[in-house]
Amino acid sequence: MASVLLRNVARIRTGKHLKDIRITVRTSNERYIMTGRARLEKVLEELQKNPYYDKYAEKIAKMQQTSPEEFLQRVDQQEKMAREKKEKRERAAKFCQTQAKPVLEPSMQAKEARLDSVMKVDMIGDKSKEEIIEIWKEYHKQKDCICGTVTPEQYDKMFARGKQYSTFLLPLPREHGYEFIMCQFYGSEIHMTPLLWYQTHKENAPECLTMIHYTELRNDKNVILMRGEFDTKLLQVQEAQCLANELQLYYCNDDEQRLQLLETFTHKPNEFKHMDLIAQLETISLESTCPHIGHLYSAILADAVARYNSMFGHKTFLATGTDEHGNKVKAAAAAASLSNYEYCTNISQQFKEMCDRFEVDYSRFIRTTEKQHCDAVHHFWRLLEERGHIYLGNYSGWYCVSDEAFLSDSELVEQKDPSGKVFKVSADSGNLVEWMEEKNYKFRLSAFQNDLKYWLKDENTVRPALYHKMLSQWVEEGTCLQDLSISRVRSKVPWAIPSPYDESQSIYVWMDALVNYLTALGYPNESFKEFWPPTIQIIGKDILKFHGVYWPAFLIAAGLEPPRTLLCHAHWIVDRQKMSKSKGNVISPFEAANDYTEDGLRYFILREAVLQNDANYSSTKIINILNSELADTLGNLVSRCTGKTINPSREFPDPAKYWNVLQSQVANEIREAAESAGRKARENYEEYNLHHVVDIVMNMLHCANRMVTYHEPWQLRKQVDDAEATKELKAVISLALESSRIAALILYPIIPRLSSGLLDFLNIPKESRTWANTAPEIFNDDSARKRCVERNNVILFKKIRSQ
């Protein structure tokens, strides 16, 4: 939720404090003593100064006469509480003063930061610029600070601009809003502190982040090194990186709007609007709409479902692509200094490349800027109009540009900026909204409540059940079923498909985007009906309303059947933090694949994700899972049973012949696991619980590894003249490789490239790679069958080294 949040954060240092020591001496049992009366009179004198004294005077007098000791005790208690509050404030003020940087007097000269205080400069003299940058990054990986590099040109521009605009505000995204951070340039350093602290302590405000630049390598290596030290009680590393990224956007780039904000803040503070900073921050994500692991998750999940169904012989059609219209796309193109279409082409190509690299076997990759799609949208619009579902009307209400969504009052929350001005944001996304009044075309969404209820009667319509319940509630309440504006005035939204009959209007981007599912199948050509309605559409939870309310209503209105199932998944977070470009923690699948391979990243994402819960991306966890499961559990099993020491002839002994040879408990366990693996995995694939599918495979492979360890084939191999030992050896190899074959088939939808490679290595024919083949080959009557693996000493998945 985006809101302006100014938090009064206090840092607390433990220390030694003297306790108040009171010595009480009771001299008499008498109720009245002179010291008590004097004290009582003094208390009454102070109380009479209280503006509420008259209201309670009668009660005070009564207690004074009947229980003077209790009366004084209550007064003492109140005084103690007031005293403690005062002492706490004084300690906090003293603490802030001890943590503060010195007042920046104009006459003071900033000391140049020295690189030799951080690292041994003489030891990097012979290193290249690239090597130094890598050393700098590695050195700071395990420290509570951020690091980076800039070119001398960037450094000069930043600090020249820093002299011109020495202080500025940066909005920091928090869980429930934004906190404003004041930054100040000083020498080669940049100091940052929460705005609230700056307002309270001015130049003496404690710092939350200090960015220090080291210029010693400027001339020889053409690089400036940066180190950012931050208070771990106030900032996390992603938040510190976010502030550093924002600072560069304002002080290193020449964006006109951001330069204007610097100018206004410095020279026209009365005209400065805090909300303009938040609006700028929200556009950062638009400037580089590149694929991240959330996009990859949707694509490979859809691919896994399609591949699983294809193993049963079903004909499948997987459609994916890019939605390319709307104001935020136009803004992103302008920020990139590209034409709208050129920008969309660049971005679309990156998404297509992502699908290709990660084995997403799409049947159609569609772009909504294609002429075929524009024609399909126009046909769909005309059909709705002919059926009486579209009318021209006036719209007045809230619109969120970032979400491209019309919102009702119930979908908004109010926030305040630091000046106290109230603004509204989407309760769901936290993005800013704007009030809109215009004449446009509207869809009679309110007429489809009963149709949507009927569609939702089947609990399988939306999976998992959590999202079905949520959507059913929305439809039942009807708050999201107001007639929907499906066009905008074209002068306000020029980068969009024009209305077919009225070119002064642009078609609402979500109607345009949703129709792509039809376009991909050839709509309006009758051939689209071969695959319509879709068996399943896979979406993220943030677009459930568009796919679960608008889309089925549009389809029903057009006389078409809605999707059979909407599979809705949660999001990916990074190290327990929401993924955001502004925080600098967006994970590129291309960069991650360089570290973990395409197979490894695809395996981890589908193995780790649970549909209804946000999944956590952690480098440490990725490495542990890939090394433990793919390299060790699966890879080592295959490797040691096909290596020259145990299996020099590369034989894959017939499972039908050797299945029941071993009579150990561990052999019984692997046979049982292998016989049930296909059935159990199918049950979980049908429920879209891919993490449980992997659990079943890993359990089977663990059993196989225990069996190999127990029977010690390396010892059996030495007994060349013992027929029983040879038979036992072949049974061990057969059971282990048969388990590997079954594992490869079950995992094929999840890691198709690696699984296909393993099946090729085991010489499994293409026609023997259906789901029916996940059953053990123990009823094979072909006694003459002989199968050999491709080679010895295979490395199925190379271990990942710690980053």
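Strand β20 (residues 572-574) pairs with β22 in the parallel sense over 3 bridges, and Val574 has Tyr617 of β22 as its bridge partner.

Residues are numbered from 1 along each chain as its sequence is written. Because the model is predicted, local features need pLDDT of at least 70 and side-chain atom pairs count only at pLDDT 80 or more, while totals for chains, interfaces and linings use all residues; side-chain values use heavy atoms, with hydrogens and water left out.

Glu324 lies in the loop between β7 (319-322) and α12 (327-335). Glu324 counts as buried because its relative accessibility is 3%, the class being defined as under 20% relative accessible area with a 1.4 Å probe and protein chains only. The side chains of Glu324 and Thr322 are joined by a polar contact of 2.6 Å, that is, a pair of N or O atoms within 3.5 Å, one able to donate a hydrogen and the other to accept it. Beyond its neighbours within four places in sequence, Glu324 is in contact (heavy atoms within 4.5 Å) with residues including Arg367, Thr368, Thr369 and Trp495.

Across the chain, the secondary structure comprises 28 helices and 24 strands, and 50% of the 803 residues count as buried.

Technical notes
Two strands pair if DSSP finds at least two bridges between them. Helices (H or I, at least four residues) and strands (E, at least two) are DSSP runs, numbered from the N terminus.
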